[in-house]
Each structure stands twice: as structure tokens, then as C-alpha cells.
Amino acid sequence: MNKVYEKLTKCLEAVRKKTDFVPEIGIVLGSGFGQFATEFKVESKIDYHDIEGFPVSTVLGHAGEFIFGYIEDVPVVIMNGRVHYYEGYDMNDVVLPIRLMKMMGAKVLFLTNASGGINKAFKAGDLMLITGQISCFVPSPLRGENIEELGVRFPDMSHVYDEDLQDIIRNSATQTGIDLKEGVYIQMKGPNYETPEEIVMCKVIGADAVGMSTACEAIAANHMGMKICGISCISNLAAGIAKHPLTHAEIKETSEKVSGKIKMLIKQSVINIHRQLKED
């Protein structure tokens, strides 16, 4: 058995010893999004430390737990705190939680993150629907021997962010009165912020927002056949656009200030996605 897949199955076994909950939607909470974890009926929680071999986040603001429960009548699993490539983990460990949520039963992956705004029409506190991504500056989680149990060797990437889910999120934003921006997200390695020159490069190749996560997770989920959607909180303006030094504290503070909007949009979007899945 492939060692990566063997580790994944052992993690699934560890989870199943604690809960038999089957989620429909998997949600990843980025920096500052953690307050959403209090917004629904919780059935159970599993600390990452209690899953043998599971990667554990070392970043302030990332709690490090799976939360199982219901948003109204929608069964969800929430990843309250992600792990990042810059923390020193192998990319297979970075995306292990995503693969695990799919193996738990999740059909949809709802990604969130805090990012730096490259598009000059954006301001700190805006929410951006992710319509596409650029991931070529970080290693692919599919590098190495293909895990046939998960997906094909050469997966198509033409529609990573599901167009139907994008429409649902747009409609959910209208329902809740939220001004929703749209754009392309680019993942960089981190943990250092980008230089002004690198931000110019990102802008030239088509990025509207930049961060240090998400794109690799979407690749892994796409490989497994999940439907993917994502929202990015523009927590600061990127280097060279912002007129002051960038700090993690600023990112966390901005995300918390707009947490009300974030909660409303995620909740309404999840409910509407569930309705669409039932119709399908």
C-alpha cells in the first residue's frame, strides 16, 4: 500500500473510533474565521493531537480541531485551523486533512482564508469569491507516485472552483446584503510576506489576492472529485500597495472585524448548497 494512503487510512480509522458522523460539506476556517465555529449545533469535536500521525497547526489563531455538527439541517465537518507548507510539513501532510474529510463522506469543500489584496479596487475587510487560482509557486500535492484510490494520475484543472457553487455564493451574498468581490487567488510559499516586486509579478500574471494556503488544498480535493468553492477575506493590502509594514496581527484583527459578514455568508451559502445537492 502507498505510504501516504496508508497513513490516511489510519487517520480515518482513528476518527471513526471517536465518531461515525458523515458530513456533506467540509469547511476549512482560515485565520480569523475561527469564530464561525460557534455558529452551529456541535455534535462532537476531535483535537488534531488525538489523531495519530495527523499534522498539527503551529500558527496563532488556528485552533487545531475537527468540529462535527449541523448548520440548520446540513451535516458539516469544520476544520478549525489548517496546516501550512511553510510550517515545515510535507505537502502530503498539508493536504491530509482535506483528503480525510472526503473519506469521511464530504462531497463539497468550502475553503476560506485571509489574504492580501492585489487588486487596487479591493480594500481591507472585503470578501472575495475565489473564481480561480494560481498554484505553480508551491509544490503540487500530487507529486510522486499517484494514489489510485484517490484519483487519476493527470487530473483536469479547468474547473477547480465549481461554477454552480460560485453562483450559489453570489446569490447568498445578495440574500444577506453582502458586497462580494470576485477574483483569482495565488498561493505563495511563505512564511515571509511578498516583496513589492513579487506583488507586481503576481498582478501581471492575473492574481487579485495572495496568501499562503488554499490552492494546494483545492488541487487535492479536485483530484478526489470534490466540488470546491472558496471565500477569501481581504485582510490587508499587499506589499507595495499598503503603505505600512505587514503583520499577522493586522490580518487577524481585520478578519475578526468582519466576522459577522463572514458568518452570515458561510451559513447562507451552506444552506443553499445543501438545497442544490438535494435537487441534484
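## S232 and its neighbours

The side chains of S232 and N113 are joined by a polar contact of 2.5 Å (a pair of N or O atoms within 3.5 Å; within protein, one must be able to donate a hydrogen and the other to accept it, and residues adjacent in sequence count only if both atoms are side-chain atoms). This is a predicted model, where local features need pLDDT of at least 70, side-chain atom pairs count only at pLDDT 80 or more, and totals for chains, interfaces and linings use all residues. Residues are numbered from 1 along each chain as its sequence is written, and side-chain values use heavy atoms, with hydrogens and water left out.

S232 sits in strand β9 (residues 227-237); strands (E, at least two residues) and helices (H or I, at least four) are DSSP runs, numbered from the N terminus. With 0% relative accessibility, S232 counts as buried (under 20% relative accessible area; exposed is over 50%, partly exposed in between, with a 1.4 Å probe and protein chains only).

Most residues other than glycine have a negative phi, and most peptide bonds are trans. E72, in the loop between β3 (65-71) and β4 (74-80), has a positive phi near 55°. T214 also isn't a glycine, yet its phi is positive at about 80°; you'll find T214 in the loop between β8 (209-211) and α6 (215-223).

Buried or exposed? E72 counts as exposed at 55% relative accessibility, while T214 counts as buried at 0%.

Then there's the peptide bond from G190 to P191: it's cis, with omega near 5°. P191 belongs to the loop between β7 (180-187) and α5 (196-204).
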